[in-house]
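Subject: Structure for you to look at

Hello,

Here is the structure I said I would pass on. Please open it first, then read my notes below with it in view.

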Amino acid sequence: MTSATWVTIADVASLVLLLGGAFLAFAAGVGVLRFPDLLSRMHAGTKPQVLGLILVLAGLALRLRSGGAVWALVLVVVFQLLTAPVGAHMVGRAGYRTGKVRDDLLVVDELTRDADAATEED
Amino acid sequence: MSVVVWVCAVLIAVGAGLAIVRAERGPSMLDRTIALDVVLTALIAAVALYAAAERRADVVPVLVVLSLVGFVGSVSIARFAAVEPEGEGRVLTREEAAEQKAEQEAERAAAELAEAGLWEDQAEVDLPEDQAEVDLPEEPAEVDPPDDPAPDQRPGPAPEETR
């Protein structure tokens, strides 16, 4: 195949990836607005933070096709993979400790059970 | 090409708009944090979309900076601003603000009055002159704020309700 064909294939693939990432950003907006409590909103909001970001940046990398820019995009993804769990952990912990978790919506609440068990042992 | 880019742009914009609505409604600081995280992610996606549409590699550093900023924001809010007193999550009306200010003024005046009374009492009861300064009532010591928002108490469900 000629190189022009490959360029076309890369462009189409990049558009598909960009579309997927944009759809995840939209889905996160809907979920954050409509879900009932903090934890489910976190669940909706973290979709574009990792998967959506990877899709969008992969699409961008396929479109730019130059070494330096692609490594910077890899850096962004790695950094997001490192920081998103930390941020979500802090938000979730603060929400739990300030009573913003609705326990009637939880299927299983192992944290409360374990915390109570730990308190009783003392 | 440009059609797909426009579709992406609309999806990202609508997603960010819905997240902004959630940030306005709250109800708590943490909900706003999450909503603004989503807005920031949409912003990153929008910049990336722009770079892809125009084939501009020079905006890539902007993406790096944006992903750094989002982390600092959400962590600092979760760490320091998660506990908010009841009713402080909204803007006061003008009357409420005036009422609150008057209350604070009254409290301060009362405190000043009480302090003056205390000092007078002290002066009357006071013993020898050289001890007068030692016996003066001390200012209440500043209590160190706890390091963590409510570390011990967890107003969650009662133990009996756990499954």
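Read along the sequence, chain A runs α-α-α-α-α. That is 5 helices and 0 strands. Please keep in mind that this is a predicted model.

Chain A has 122 residues, and 41% of them are buried. I also looked at contacts in chain A between residues at least 6 apart in sequence: 64% of these join residues at least 24 apart.

Next, the interface. On chain A, 55 residues are in contact with 54 residues of chain B. Which elements of chain A give two or more residues to this side? They are helix H1 (3-34), helix H2 (38-45), helix H3 (47-64), helix H4 (67-97) and helix H5 (110-121). H4(A) provides the largest share, 16 residues. By type, the side of chain A that touches chain B consists of 32 nonpolar, 15 polar and 8 charged residues.

B:Val64 sits in helix H3 of chain B, which covers residues 60-80.

Apart from its neighbours within four places in sequence, B:Val64 is in contact with A:Ala72, A:Leu75 and A:Val76. Within chain B, B:Val64 and B:Ile44 are 20 residues apart in sequence, and their C-alpha atoms are 9.1 Å apart in space.

Regards

Note on methods:
Residues are numbered from 1 along each chain as its sequence is written. Chains are lettered from A and ligands numbered from 1 in the order in which they are written. This is a predicted model: local features need pLDDT of at least 70, side-chain atom pairs count only at pLDDT 80 or more; totals for chains, interfaces and linings use all residues. Helices (H or I, at least four residues) and strands (E, at least two) are DSSP runs, numbered from the N terminus. A residue is buried if 20 or more other C-beta atoms lie within 10 Å of its own, exposed if 12 or fewer, and partly exposed in between; C-beta atoms are placed from the backbone. Two residues are in contact if their C-beta atoms, placed from the backbone, lie within 7 Å. Ala, Val, Leu, Ile, Met, Phe, Trp, Tyr, Cys and Pro count as nonpolar, Asp, Glu, Lys and Arg as charged, and the others, Gly among them, as polar.
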